[in-house]
Amino acid sequence: ATTRPRVLQYGKMPLPQLDAELAQAYAVTLLSEQPDPDRFLAEHGAQFEYLVTTAALGLPARVVDALPKLKFVSSFGVGFDALDKDALLRRGARVGYTPGVLDDCVADMAFALLLDATRGLSASDRFVRRGGWSQGRFGIHTRASGKRLGIFGMGRIGSTVARRASGFDMDVAYHNRRTVEGSPHQYLPSLLELARWADILVITAAGGDGTRHLVNAEVLAALGPQGFLVNVARGSVVDEAALADALQHQRIAGAGLDVFEDEPRPLPALLALDNVVLAPHIASGTHETRRAMADLVLRNLAQFIATGEPEAEVPWSAAQQTA
Ligand code: 8YV
């Protein structure tokens, strides 16, 4: 029998089947199950060239620095803000990820949150369950169709959200680091102007230092008391304390959030509010999409091992620097 390549798996995958498939194809060590992970790394770190992680777990510098032979990281997810870029570049390790295959489900979730927040669907469910219906009426809410939809971050996911919006007769404008060539939508040169223009602001921008807290108290004030915020990107893009304050004092009308600054701990102030819908980072969490992401994680790893070129590589990955 041929020996299977060694793989260090940083933690459990968001699709249990993938844990089994990795263990079948590779000699896998699950780092999170080691009695003392740091000691394991110190003693055995030099044995591993390949590592598997997820966008949510990320990869800290401490781990990269303990893997002197690391060549390739296959990450489950499209976000790469939690992978330590500097440590990986120093190591010369390349990084595969899973863009494209989750756009539809993330855009679907943006619309689910948008419709829920504007129509009060989750609040209405709580109302029915607590027997409120037999006591009185549920309040009236806000129409979603025909509204102005502002999209912050016009990448693959943002443009999929924009396509959905046309079915709701929405007017779409966007803000992005740069204008997107060929986009039929109006570009607004600042996030503040987009917030001022929009009835509903959807965040589909990358996380990381470049977007940290860009949605702040000023942007929320510009969105205004009739405005709604939807975030399916990263919690770090929004100043969550400022958002909770704006929701509490009705400086915006409502919000739908799939992501938070400190997951899995949404700011406690949010839990008490009826005008915000809270989801536990599930936008990509469908059988179909998680399967497609798992397949790409496996293909990236197998192809890197076989050819030295993964199918999909993060923009700053080592090879791209020299390309
Ligand atoms: C994943 C995500 O559910 O793709 C991403 O960047 O945040 C989600 O799709 C998550 O990363 C799984 O760990």
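A residue is taken as near a molecule if its C-beta atom, placed from the backbone, lies within 6 Å of it. The model is predicted: local features need pLDDT of at least 70, side-chain atom pairs count only at pLDDT 80 or more, and totals for chains, interfaces and linings use all residues. Numbering starts from 1 along each chain as its sequence is written.

**Exercise 1.** Determine which residues surround the ligand and how they divide by class.

Solution. Step one is to list the shell: Pro14, Thr54, Ala55, Ala56, Phe76, Gly77, Val78, Gly79, Leu102 and Ser284 surround the ligand. Step two is to classify, with Ala, Val, Leu, Ile, Met, Phe, Trp, Tyr, Cys and Pro as nonpolar, Asp, Glu, Lys and Arg as charged, and the others, Gly among them, as polar. The shell then has six nonpolar, four polar and no charged residues.

**Exercise 2.** Describe how domain 1 and domain 2 are placed and where they touch.

Solution. Begin with the bounds, which come from an automatic or database domain assignment: domain 1 comprises 6-100 + 287-322, and domain 2 comprises 103-278. Next, take the C-alpha centres of the two domains, which are 32 Å apart. Finally, count contacts (C-beta atoms, placed from the backbone, within 7 Å): five residues of domain 1 meet seven residues of domain 2. On the domain 1 side, these are one nonpolar, three polar and one charged.

**Exercise 3.** Is helix α5 mostly covered or exposed, and what span does it reach?

Solution. Helices are DSSP runs (H or I, at least four residues) and strands likewise (E, at least two), numbered from the N terminus. For burial, a residue is buried if 20 or more other C-beta atoms, placed from the backbone, lie within 10 Å of its own, exposed if 12 or fewer, and partly exposed in between. By this rule 12 of the 17 residues of α5 are buried, and the helix is mostly covered. Among the buried residues are Asp103, Phe111 and Asp116.

**Exercise 4.** Which phi values do Asp169 and His213 have, and how exposed are these residues?

Solution. Asp169, in the loop between α7 and β7, has a positive phi of about 55°. Asp169 is exposed because 10 other C-beta atoms lie within 10 Å. His213, in the loop between β9 and α9, has phi near 55°.

Notes
Two residues are in contact if their C-beta atoms, placed from the backbone, lie within 7 Å.
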